[in-house]
Amino acid sequence: MHKPSNGVVRVLVCRVQSRLCGLPLDAVEETLRPQPLRPLTAEVVHVQGLARIRGDWVPVVDLAGLLGMDAAPVGRYVVVRAGGRRVALAVAEVLGLHALAEGAVSTLPPLLQDRAHAAVAALAERDDELVALLDHARLLPKDWLATLPADPPGREPSPDAALDPASGSTLMTLPDPDASPMAGAAS
């Protein structure tokens with residue numbers, strides 16, 4: 001988790017199913033309504049698909065699934081930087097910005113310091129509700145980030161590019177939902 005500034009931890013609080021999650025504000029780029037998704041040809045765990053956000057194709061990750069919960073209705077996307085990549089996290093709702101006193105933030109009890117809770121860096125309270133403070137650097141496994149499509153700076157990634165998780169490096173072509181079935185047949 002990031003270092004508090006002036007004894008205050010600033011987070012964006014989101015609801016994921018019935019749980020509250022706090023994302024470090026310095027990792028959050030924006031929040032927006034869910035965008036149309038383009039499916040991946042090969043399934044990548046917890047990735048719902050690619051969404052066109054500000055001209056880039058960004059992977060949309062089911063935060064509930066990543067945290068070990070069942071899939072839930074999505075009301076907002078929260079775009080964060082994770083491992084040098086832009087990723088949209090699908091959440092039920094965004095509750096707003098909150099400043100938490102450093103003293104109100106508790107480390108995880110030893111019982112919860114396991115692989116299943118790896119993304120949770122600390123706990124805090126908000127209006128008598130527990131908030132799981134997520135560490136954006138630990139949110140997505142490093143090997144998982146390697147399976148995402150490359151996003152070279154200064155160059156827009158192809159909307160048809162998605163990595164095949166089995167190979168880890170082979171680009172696959174996504175079906176074009178707008179293409180006519182007869183397109184290319186007249187050649």
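1. Confidence. The mean pLDDT of the chain is 74, and 66% of its residues reach 70 or more. Confidence is highest in strand 3, at 96, and lowest in strand 14 (residues 171–173), at a mean of 30. Over residues 151–187 the pLDDT stays under 50. The model still has 57 contacts for residues 151–187 beyond four places in sequence. Where pLDDT is low, the predicted coordinates should not be read in detail. I would apply that caution to the contacts of residues 151–187, where pLDDT is under 50.

2. Overall make-up. The secondary structure comes to three helices and 14 strands. Of the 187 residues in the chain, 41% are buried. Among contacts between residues at least 6 apart in sequence, 56% join residues at least 24 apart.

3. The sheet that holds strand 3. Six strands form an open sheet in the order 3-7-8-6-5-4, with mixed pairing. Its edge strands are strand 3 (28–32) and strand 4 (37–38), each of which pairs on one side only. Within this sheet, strand 7 (residues 76–82) and strand 8 (residues 85–91) run antiparallel and are joined by seven bridges. One of the residue pairs is tyrosine 77 with alanine 90, the latter in strand 8.

4. Another open sheet of six strands has the order 9-1-2-12-11-10, and its pairing is mixed. Strand 9 (93–101) and strand 10 (106–107) are at the edges; each has a single partner strand, so one side of each is left without a neighbour in the sheet. Strands of a sheet pair through backbone hydrogen bonds, either parallel or antiparallel.

5. Pairing around strands 2 and 12. Strand 1 (residues 8–16) runs antiparallel to strand 2 (residues 19–24), with six bridges between them. Valine 13 has glycine 22 of strand 2 as its bridge partner. Strand 2 in turn runs parallel to strand 12 (residues 129–134), with three bridges. Cysteine 21 stands opposite alanine 132 in strand 12. Strand 11 and strand 12 are antiparallel and share six bridges. Alanine 122 is opposite leucine 133 in strand 12.

6. Glutamate 125. Which strand holds glutamate 125? Glutamate 125 is placed in strand 11 (residues 120–126). Its relative accessibility is 54%, so glutamate 125 counts as exposed. Leaving aside residues up to four places away in sequence, glutamate 125 touches Leu100 and Ala104. Glutamate 125 and serine 106 are 19 residues apart in sequence, and their C-alpha atoms are 9.3 Å apart.

7. Aspartate 127. Most residues other than glycine have a negative phi, and most peptide bonds are trans. Aspartate 127 is not a glycine, yet it has a positive phi of about 50°. Aspartate 127 lies in the loop between strand 11 and strand 12, a hairpin with two residues between the strands. Aspartate 127 counts as exposed because its relative accessible area is 64%, and the cut-off for exposed is over 50%.

8. Arginine 54. The phi of arginine 54 is also positive, near 55°, in a residue other than glycine. Arginine 54 is in the loop between strand 5 (47–53) and strand 6 (56–62). With a relative accessibility of 70%, arginine 54 is exposed.

9. Cavities. How many cavities of 30 Å³ or more does the count give? The count comes to three. The largest cavity has a volume of about 50 Å³. Its lining includes Val16, Gln17, Asp62 and Ala64. Ala72, Pro73 and Val74 also line the largest cavity, as do Ala90, Val91 and Ala92. By class, this lining has eight nonpolar residues, one polar and one charged.

Terms used:
Residues numbered from 1 in each chain as written. Predicted model: local features only at pLDDT ≥ 70, side-chain atom pairs only at ≥ 80, totals over all residues. Heavy atoms only, no water. Pairing = 2+ DSSP bridges. Helix = DSSP H or I, 4+ residues; strand = E, 2+ residues; numbered from the N terminus. Buried < 20%, exposed > 50% of the residue type's maximum accessible area, 1.4 Å probe, protein only. Contact = heavy atoms within 4.5 Å. pLDDT = per-residue confidence, 0-100. 1 Å grid on protein atoms, 1.4 Å probe; cavity = no way out; pocket = protein on both sides within 12 Å on 5 of 7 lines; lining within 4 Å. Points joined across faces, edges and corners; volume = space filled by probe spheres on them. Nonpolar A, V, L, I, M, F, W, Y, C, P; charged D, E, K, R; others polar.
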